[in-house]
Amino acid sequence: MSNETVIHSLPDTASTHDIEPDGHHGHHKESFITKYIFSQDHKMICKQFLITGMIWAIIGGLFSVLFRLQLGYPDQTFPFLEDFLGKWAKGGRIEPEFYYALVTMHGTILVFFVLTQGLSGTFANFLIPLQVGARDMASPFMNMLSYWFFFASSVVLLSSMFIETGPASGGWTSYPPLSALGDASLGSNTGMDLWLIGMALFVVSSLLGGLNYIATILNMRTKGMSMTRVPLTIWAIFFTAILGVLSFPVLLSGFILLLFDRHAGTSFYLSDIYIGSTFKALPNEGGSAILYQHLFWFLGHPEVYIIILPAMGLVSEVMSVNARKPIFGYMAMVGSLFAITVLAFLVWAHHMFVSGLNPFLGSVFVLLTLLIAVPSAIKVFNWLTTLWRGNLRFTPGMLFAIGFVSMFISGGLTGIFLGNSTIDLHLHDTYFVVAHFHIVMGVSAFFGMFAGIYHWFPKMFGRYLNNTMAYIHFWVTLAGAYLIFWPMHYEGLAGMPRRYYDFSPWVSFNNFQGLNRFISIVSIIVFAVQLLFVFNFFYSVFKGRKVKTQNPWGANTLEWTTPINPGHGNWVGEIPEVHRWAYDYGKEGREFVPQTEPVGANEQKH
Amino acid sequence: MESVVNRPSAQRKRIHPYKFILWVAMGSIVMMFAGLTSAYIVKSNQPKWIMLDLPVIFSYSTAVIILSSITIQIALKEFKERKIALYRNMLALTFVLGVLFIFLQLLGFNQLWSSGITLRGAGAAPFMYVIFGLHGLHVVGGIIALLIIFIKAFSRRNRSYDPISIEVASTYWHFVDALWIYLFIFFMWIQ
């Protein structure tokens with residue numbers, strides 16, 4: 001490093017010193033508790049989020065296998081289920097109440113606990129300081145609190161599965177009046193309260209995290225790292241955090257009103273409706289259940305972008321590194337992320353076309369919804385043109401990145417059907433919707449997450465994942481995801497409703513029985529392959545092939561300039577200075593040019 | 001030496017990350033109350049809406065919280081001028097005014113409740129209890145922060161001239177003040 005750079009970078013490191021007097025350099029003694037449990041190191045917090053998220057993913061995935069057993073084999077019994085689930089599976093057949101609890105928990109766990117905090121928490125924590133060149137987050141303490149609030153909310157939600165009346169069972173959206181009245185269903189009792197408390201803690205966790213992510217990205221970048229030079233992962237996480245910070249509080253206010261309706265006798269959502277189980281009308285008056293839907297979906301729609309944006313960022317980065325080409329249309333990528341962020345707040349009512357929404361208002365929401373196709377298409381175009389004539393290296397991370405694009409296209413196209421209110425009237429609450437959002441949001445986000453894990457695992461643990469297991473994982477998951485969700489489109493178009501316990505009394509859907517069984521078998525296989533990935537993960541943490549070089553993928557970004565196993569504080573000396581954007585691949589005859597390399601005299605500048 | 005000389009200017013140019021976090025957090029809190037007040041507007045257009053007259057006690061609490069905003073601003077100024085005795089007094093006064101505000105709010109709740117306006121039924125009252133209550137919780141958070149700073153101001157071991165914590169606390173305090181004025185006017189005008 002030249003003399004000049006040393007002098008210039010000094011004030012920067014000095015100011016970081018000022019802000020966190022205790023955070024770094026690693027020469028203070030660390031006990032087991034401060035290193036692994038109440039850690040303030042962003043890299044350890046990332047691993048905590050990742051492993052908690054993986055445990056949740058196994059639980060949530062197992063739940064889907066259980067209810068797929070019911071859907072695939074409604075006429076058969078599985079005695080082993082009674083051994084595990086007791087009264088919830090009397091005689092080896094899942095009870096209807098428990099079926100709804102399983103569906104509800106599957107949704108809650110996967111949407112919030114895995115794909116929101118498991119995904120954002122992991123990669124925001126890991127990549128923000130490493131890729132923008134900071135020693136840690138703006139507030140490492142808040143960052144630690146964010147994880148522990150997540151842990152507390154996990155404990156609360158998990159505990160709700162072991163109470164007598166069972167966990168919440170009103171769907172992951174928890175619409176009132178079902179969720180507001182204990183008499184409405186078994187799961188609407190204590191289980192619903194625990195769900196609400198768990199979700200409130202979850203909102204606090206995600207706000208604490210989000211505030212930190214935004215502040216770190218905007219304030220803690222190293223010298224030379226202007227916003228137009230940061231990798232797309234950082235832009236994606238930045239917009240994700242903004243979405244979360246602006247929409248989660250609204251969800252929280254909706255939950256607070258729901259808690260009041262449940263326990264204080266208010267009438268925010270409840271009116272004088274007649275309850276079948278008690279043969280009485282409620283004493284409430286003037287409440288509106290639709291109000292909850294507005295408050296919920298004002299978060300709920302941004303939430304699906306909170307899930308998919310980080311995956312998009314990870315895919316952009318992994319794809320560019322492994323195509324050995326600059327990402328196509330960097331500014332278009334940033335612009336489309338921004339457009340998605342803005343539109344995310346303007347489309348929530350497309351979840352409510354059948355709620356009695358004014359058709360004129362509906363048509364406005366149709367227009368805004370279909371507008372999202374524009375930035376989405378820009379992104380897909382840019383990914384495909386990044387691949388076009390690239391020097392592709394099919395690492396497992398790259399395969400998952402390409403798989404993400406495939407999934408995002410397939411799932412995105414059905415979004416155009418559903419975004420039209422006229423078609424939605426027919427397709428609402430059918431398996432078509434299930435197929436759509438599982439492909440475009442669920443599987444896609446998982447593919448993005450897997451791409452990230454396979455790509456950054458060497459940086460996280462200093463070892464590689466096993467490639468053979470990784471390739472089996474990829475191909476089975478890709479084929480399996482299509483085999484599970486593709487047939488659901490046909491079922492949905494035929495009108496088969498979602499969330500139903502048993503279709504066998506319904507003659508018009510009897511011809512789908514074989515298809516349902518097929519889907520169930522594939523989902524069991526795919527679940528087993530995810531367990532293979534989990535095995536690969538934990539095996540490789542301890543026994544994987546060791547990383548020998550600092551920059552195994554030949555990537556440009558800053559995290560690969562740190563030691564192979566970075567300590568708290570990330571860089572041993574000063575934080576490196578940045579001279580160029582993150583995507584100088586295949587430039588002027590060189591395979592890659594790291595961001596820290598000064599721009600040469602005859603070189604075109606970015 | 002270079003770094004020591006450069007440090008203040010490098011610091012001045014950028015906003016302190018904690019302050020920035022606070023600004024984003026305030027945006028987040030605004031969204032929460034925007035959600036609640038827009039729910040109020042939506043519901044106020046529906047039939048059976050019962051209006052609510054705020055008791056006069058809430059005007060007193062408004063005066064108290066505005067006053068406390070002034071005192072914390074003076075405290076911040078005294079701190080920056082290193083007049084520590086005055087600073088402690090003003091901080092203590094702000095703390096007392098904050099507690100008084102909460103007390104007046106509870107008094108107002110009590111007065112309404114005993115006049116038969118409870119959480120039951122439709123109308124503005126349940127919203128008032130929830131929204132003012134949540135605002136009160138945010139003020140309590142500010143009071144706790146003030147208490148911590150107050151204890152620190154008397155600590156002999158730890159004499160700090162770093163204004164960041166009192167700056168963050170005063171900004172937050174002005175924010176809950178402004179939030180209250182918004183809510184107060186909202187409930188007076190939109191019925």
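How many helices and how many strands are there in chain A? There are 18 helices and 4 strands in chain A. The model shown in every view is a predicted one.

**Figure 1. Overall dimensions and burial of chain A.** Chain A has 606 residues and a radius of gyration of 25 Å, which agrees with the value near 25 Å that a compact globule with 606 residues would have. Taken along the principal axes, the box filled by the C-alpha atoms of chain A is roughly 85 × 55 × 50 Å. Of the 606 residues, 62% count as buried. Among the contacts in chain A with a separation of 6 or more, 78% come from residues 24 or more positions apart.

**Figure 2. Packing of helix α3 against helix α16 in chain A.** Helix α3 covers residues 42-72 and helix α16 covers residues 431-461. The two helices pack at an angle of about 145 degrees, and their axes are 13 Å apart. The crossing of α3(A) past α16(A) is left-handed. On the α3(A) side, the residues that meet α16(A) are A:C46, A:K47, A:L50, A:A57, A:R68 and A:L71. On the α16(A) side they are A:Y431, A:F446, A:M449, A:I453, A:M460 and A:F461. By class, this contact has 10 nonpolar and 2 charged residues, and no polar ones.

Figure 3. Helix α13 of chain A spans residues 373-387 and includes A:N382. A:N382 has a relative accessible area of 3%, which is under 20%, so this residue counts as buried. A polar atom of the A:N382 side chain lies 3.3 Å from the backbone oxygen of A:F328. Apart from neighbours within four places in sequence, A:N382 is in contact with A:F328, A:G329, A:A332 and A:M333.

Figure 4. A:V245 belongs to helix α9 of chain A, which runs over residues 232-263. With a relative accessible area of 2%, A:V245 is buried. Residues up to four places away in sequence not counted, A:V245 touches A:L207, A:G210, A:L211 and A:I214 in chain A, and B:V24 and B:S28 in chain B. A:A289 is 44 residues from A:V245 along the chain, and the C-alpha atoms of these two residues are separated by 25 Å.

Terms used. Residues are numbered from 1 along each chain as its sequence is written. Chains are lettered from A and ligands numbered from 1 in the order in which they are written. This is a predicted model: local features need pLDDT of at least 70, side-chain atom pairs count only at pLDDT 80 or more; totals for chains, interfaces and linings use all residues. Side-chain values use heavy atoms; hydrogens and water are left out. Buried means under 20% relative accessible area, exposed over 50%, partly exposed in between (1.4 Å probe, protein chains only). A polar contact is a pair of N or O atoms within 3.5 Å; within protein, one must be able to donate a hydrogen and the other to accept it, and residues adjacent in sequence count only if both atoms are side-chain atoms. Contact means heavy atoms within 4.5 Å. Axes are lines fitted to C-alpha atoms, for helices over the stretch in contact, and angles run from 0 to 180 degrees between N-to-C directions. A crossing is left-handed if the near helix is turned anticlockwise from the far one by less than a right angle, and right-handed if clockwise. Ala, Val, Leu, Ile, Met, Phe, Trp, Tyr, Cys and Pro count as nonpolar, Asp, Glu, Lys and Arg as charged, and the others, Gly among them, as polar. The radius of gyration is taken over C-alpha atoms; the globule rule is 2.2 Å times the number of residues to the power 0.38.
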